[in-house]
Every structure is written in structure tokens, then in C-alpha cells.
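Subject: Structure handover

Hi there,

Please have it open while you read.

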Amino acid sequence: MKPLVRYAALSNYVELCRSLGIDPQALMRRVGLDITGLAVQDRWIPGIAATQLLELSAAVSHHEDFGLRLAERRRLSHLGPISLVAREEPDVRSSLGLLIRHEGMYNEVLHTRLTERNGLATLKVDLELGEPAPTRQATELAVGAFHQVLRGFLGLAWQPLSVCFTHVAPADARTHRRLFGPAVEFDREFNGIVCYVGDLETPNTASDPQLRTYAGQYFASLAVARDATLRDRVRELIEVLLPTGRCSIDQVARSLGVDRRTIHRHLAESGESFSTLLHQTRAHLAEQFVTNPRRSLTEISELLGFSAPSAFSRWFRERFGCSPSAWRAQSPTGK
């Protein structure tokens, strides 16, 4: 199945787009993503869609450094619950090792390796999308994000020995040199960061041994393997695809890199079908959306993938036994 990433991979995307004078909502729609999904950072979306969005944004904004500008706004907390544990690890090596070992919890596209030899530590970053696609922006975002993490532990004055990219240099490399210093190199054999092994041995002075125990226990309760059931992934993709109006089993199958028969078979094993899962997911979202008075019923019908508000109203009445407006009026937030 094709890998997924959390919506958190696009943290601060809207702010960056607006600062560059481009429309984030229109761009996200072009790759099949919904801008409202950014409010749910832990929701999973196709990695290829996020990668295509970064490339498209760079082209529309005429900024080859788009991915790097986004990385500059990245913080450790954007990685989710794992950041709570990483902050309490005793040194930089253990913090970085934790992020690498459990990278599947926050990004299935990312594949990172750390090697140490002759006093040098090399962090190599690879992206695997499951299909050919340009990855310049996503690569610079990933490498830049790791650079930000290291600076967070080692201080703003820290500089790596080298920051390497396999692609050619941009026409304007000022952002790269401002963020990485003079050590940035292009046309290299790998993407990643080289530093001294001694940097990894730097103690994490902010670590609290007692809090580390609690953070570890909390993380262990959440560290469910990311080889989640196909049902879970189908449901996540239904939520992502509904607002696009293209939520079909064929589209879900393409996003997962499998055929529709595979989806039918796995769902049947749990006593479900794509149709029942679609209706369950749509109903769950409808209950949340309709009780929110800030959303118009027309907007809700679009978010749930209906062609017209009348179609949404008919479906809602059949499902819940009353109209959406009546449901809203009965809810505590609608009164």
C-alpha cells in the first residue's frame, strides 16, 4: 500500500502560502486535499498528495525554496506525541534515535538512517512514495526539519559540517545558506546532514529523569504499530476524499496502491463493505459538523461529498430521522 503522512506534515502551510501571495485552499483542492483537514493534525493523508502539493506550491509561488521555507517554521512538537518523549531523552543521540526508530508513527514516506564512522555522524534521508514523482520540495522539507530539531537541542549557533542534496542548486540559494550556513552542497550522492559524533553526545540539559519515565509510559500507550488495519486506512482516506467529491472505492484503492478487490476482501473479513464504511464515516462527520453553528448546511453538504444541499438533507433525514436544521436546533450548541 502507498505510504501516508499526517496532516501535521503540512503545518504552517497556510501561513507560508499567504505570506507568498498564493491561495492555499485552491492549491490543496488541486491535489485532492481539504484545507479544513489541517485542523486535525493526526489525520493521515496520501504521501503522494502532500508531495505534489509542495511541488505545485513552489511552482505557483515561483519560490524554489518553498519546502525549505516551510521547514524553517517546523518545530519538534509538530511530530506529535513522540516529541514529548524526545524532549526528555538524556542526549541528542538518543533523541534522534527515537525519532528514527518510530518515524512510521508520524510519516510513512520518510526513511532515515544514522551512521557513525571515524568521528563523523551521517543522517541520510530518503523518501519512498510508491510511485515516481518529483520530491525536491519534500526532501528539503524533511532535511530542513531534522536540521531544526538538531538546532533545538544543540543551540542556534550550531552548524553541521555539511548539508547535502542530490538535486541541483536553485537559481537563488540565499535561503539555503541562511538556514544551513556555507556547508550546504548540491549534486551530492545522498540527501542529509553530516556532523561530528561529539554533537550527538551532547547532553540534553532540559531533560528531567522523572518526567522521562512518565513520558515513556505515555508514549508506550500510544505507540501502536503503524501497520494499521486496511480498514483504518480506508476510513482515513474516506474522510480525506469526501470533500473532493471523488470518494470512491477506486480512488481509495489508487491512493493505497492496491486494487478494489483487495479492499473488498479485507473489509469483508471484518464483516463490512466499502459502502457501509462510507456511510458510517459520513454519519460520524455529519453529527460533528451539524452541531457546529459556525458551519452552514451548504458548506457541510460539500464537506460530506454531496452534489447539492437537497441531496444532503434527504440523506440526513433517512439516516437520523429529522432534518439537519432540526438536529442542530436540538443540540446544546445549536440553541
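A search of the whole structure turns up 14 salt bridges, a salt bridge being a side-chain nitrogen of Lys or Arg within 4 Å of a carboxyl oxygen of Asp or Glu. Before the details, two notes on the basis: this is a predicted model, where local features need pLDDT of at least 70 and side-chain atom pairs count only at pLDDT 80 or more, while totals for chains, interfaces and linings use all residues. Residues are numbered from 1 along each chain as its sequence is written, and side-chain values use heavy atoms, with hydrogens and water left out.

Salt bridges

One of the bridges joins Asp42 to Arg6, with 2.6 Å between the closest N and O atoms. The two are 36 residues apart and link distant parts of the chain: Arg6 sits in strand 1, Asp42 in the loop between helix 2 and strand 2. (Helices, H or I of at least four residues, and strands, E of at least two, are DSSP runs numbered from the N terminus.) Arg6 counts as buried because its relative accessibility is 5%, whereas Asp42, at 46%, is partly exposed. Here buried means under 20% relative accessible area, exposed over 50% and partly exposed in between, using a 1.4 Å probe and protein chains only.

Arg43 pairs with Glu239 at 2.9 Å, N to O. Arg43 is in the loop between helix 2 and strand 2 and Glu239 is in helix 11, so this bridge ties together parts 196 residues apart in sequence. Both ends are buried, Arg43 at 18% and Glu239 at 16%.

Arg295 and Glu299 also form a salt bridge, at 3.0 Å from N to O. Arg295 is buried at 17%, while Glu299 is partly exposed at 29%. Finally, Arg93, Glu116 and Glu201 are linked in a network of salt bridges.

Helix 3 has 11 of its 15 residues buried, among them Ile48, Leu53, Leu54 and Leu56. Those buried residues pack against several elements, including strand 1, helix 1, helix 4 and helix 7, with contact meaning heavy atoms within 4.5 Å. Just after helix 3, His62 takes a positive phi of about 60°.

Helix 12 (residues 249-256) is mostly covered too, with six of its eight residues buried. Ile249, Val252 and Leu256 are among them, and the packing partners of the buried residues are strand 2, helix 11, helix 13 and helix 14.
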